[in-house]
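Subject: Structure handover

Hello,

Here is the structure I said I would pass on.

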Amino acid sequence: MSSTPFRIIIVGGGIAGMAAAIALRAPGRDITILEQSRLNTEIGATLSLQPNATRILQETWGLKNLLKDSQGTVDQGFRIYNVEGKLVNEVKLSQKTEYGADRVVWHRQDLHEYLKRAATSLDLKGKPCTVRTSSRVVACEPELGIVTLEDGAKLEADVIIGADGIHSVIRPTVLGRQAKAIPTGSSAYRLMISTKELEENAPEFCRNIDPRSPFTSMVMAHECRLIMGPARGGELYSLVGLVPDEKMNEDPDAAQSWVTKGDRAKMLETFDAFPEWTKSVLKLGDNIGLWQLRDLDPLETWTRGRVILIGDAAHAMLPTQGQGASQTIEDAEALGAFFHDIQHIPDLGEIATILQDVFRCRFERASLIQKYSREAAKPPTAKGSNEIRMKPDEFMDYNCFYRGAKEWKKTQNLVSPA
Ligand SMILES: Cc1cc2nc3c(=O)[nH]c(=O)nc-3n(C[C@H](O)[C@H](O)[C@H](O)COP(=O)(O)OP(=O)(O)OC[C@H]3O[C@@H](n4cnc5c(N)ncnc54)[C@H](O)[C@@H]3O)c2cc1C
């Protein structure tokens, strides 16, 4: 093995960046994550990984203590209520054991922290990756493998992973054109409440829904819906309220950051037709987050020269199937599989071929899941009706039976990556 390391730069230290670092760790490689923030902003939101992603974490990457070390909550299923507050459908995930892994819900910060610890720990193979915070990338030269930081410093690598999220600066350098995420016409309110506070101040809610029971509950009207469930083993309760922009009475363009605040009175006005017991929760909690939901149309490519886009930078999607972060984990798994056998420093041609293979492996599936997420965002009832036609598990078999890049390659009759 050469004494010069194979250098990988990952732009963005979110879920995608950390996952890519875990997947790519190997002897003889130097992995650096460049993150613009200080990584210390606590965002009050939960995030779920679906069985297709938790299986990669636990089996492919061998993170056997995932649940114990990250305070993840195994979700038992979906309960759907109509706008009158009547339970109309229940899907038990315990009956879907064939997926081979669980749907798990985290406080977003807990999963991120866990992945960061794994990416930088001494326990996995290869050198721990280096995380450089307050390092905002402003430019990238894909063929040369150079990124420029805000302070003018230039860093060079053999491979650059653009994991810089929905407003990616790497995306236009790959495409040679601007491709901004598109407003989808919906926004999301986010609330995180301590379960104790909920039990003390919203007893009527707790008579309808046990906030410590690990189920995802959805209350659905024609245009708006509430998606709720416990996190941190029942210590916290999270709510997301999906709302059409025109019903929201807030400025959607202002809601472009995780830290934008929502207005409680306007939120209550928007959910006026919802049962009193659900509205009692909307009156609790200190911080209401607001986030305008944008997604991308499938891009013509994710790769150019030494650079590849992954995660929201490549395929931002609506959160209606909870697949955004899971697709990010799948991208990382594909990078790990296709670079598995590379023990030398590949030249530009070899790198470009491997990155094209990763793109071919991932593109069709990620694009279809973007499309399914748009489908799942359509009104769940006919106008003027309370009858819910939407099925929360409609696309689950397609989403969750995925077995990773190695299996995909077999279907292409190509030599399998290890
Ligand atoms: C309301 C809502 C609920 C959601 N719920 C779920 C869910 O339950 N399950 C799920 O799977 N997904 C969910 N998602 C989607 C999920 O959050 C994203 O798909 C996922 O976070 C994408 O990860 P990422 O690392 O690609 O991007 P991000 O999490 O956005 O991370 C990008 C990182 O790059 C950094 N960065 C950006 N630009 C630069 C730069 N120029 N230089 C250096 N660093 C930079 C950012 O600071 C950030 O840390 C939800 C999304 C929303 C909006």
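The notes below cover the domains, the contact between them, and the salt bridges.

Please keep in mind that this is a predicted model.

Domain 1 puts 30 residues into the contact, and domain 2 puts in 21 residues. Together the two domains bury about 2,200 Å², and 61% of that area is on carbon and sulfur atoms.

As for polar links across this contact, two salt bridges are counted between domain 1 and domain 2, along with seven residue pairs in polar contact. On the side of domain 1 that touches domain 2, the residues comprise 15 nonpolar, eight polar and seven charged. Aspartate 110 and arginine 232 form a salt bridge through their side chains, with an N to O distance of 2.8 Å.

Salt bridges

The structure has 26 salt bridges in total.

Lysine 247 pairs with glutamate 223, and their closest N and O atoms are 3.3 Å apart. The two residues are 24 residues apart in the chain: lysine 247 belongs to helix α8 (residues 245-248), and glutamate 223 sits in the loop between β14 (216-220) and β15 (225-231). Lysine 247 has a relative accessible area of 38%, so it is classed as partly exposed. Glutamate 223, at 34%, is also partly exposed.

Lysine 279 and glutamate 276 form a salt bridge at 3.2 Å, N to O. Here both partners are in helix α10 (residues 276-282), three residues apart, or about one turn of the helix.

Glutamate 330 and arginine 365 form a salt bridge whose closest N and O atoms are 2.7 Å apart. This pair joins distant parts of the chain, with glutamate 330 in helix α12 (residues 324-338) and arginine 365 in helix α13 (residues 348-375), 35 residues apart. Glutamate 330 and arginine 365 are both buried. They also belong to a network of salt bridges that links Glu330, Asp331, Arg362 and Arg365.

Regards

Notes: Residues are numbered from 1 along each chain as its sequence is written. This is a predicted model: local features need pLDDT of at least 70, side-chain atom pairs count only at pLDDT 80 or more; totals for chains, interfaces and linings use all residues. Side-chain values use heavy atoms; hydrogens and water are left out. Contact means heavy atoms within 4.5 Å. Buried area is the accessible area (1.4 Å probe) that two parts lose on being put together, summed over both. A salt bridge is a side-chain nitrogen of Lys or Arg within 4 Å of a carboxyl oxygen of Asp or Glu. A polar contact is a pair of N or O atoms within 3.5 Å; within protein, one must be able to donate a hydrogen and the other to accept it, and residues adjacent in sequence count only if both atoms are side-chain atoms. Ala, Val, Leu, Ile, Met, Phe, Trp, Tyr, Cys and Pro count as nonpolar, Asp, Glu, Lys and Arg as charged, and the others, Gly among them, as polar. Helices (H or I, at least four residues) and strands (E, at least two) are DSSP runs, numbered from the N terminus. Buried means under 20% relative accessible area, exposed over 50%, partly exposed in between (1.4 Å probe, protein chains only).
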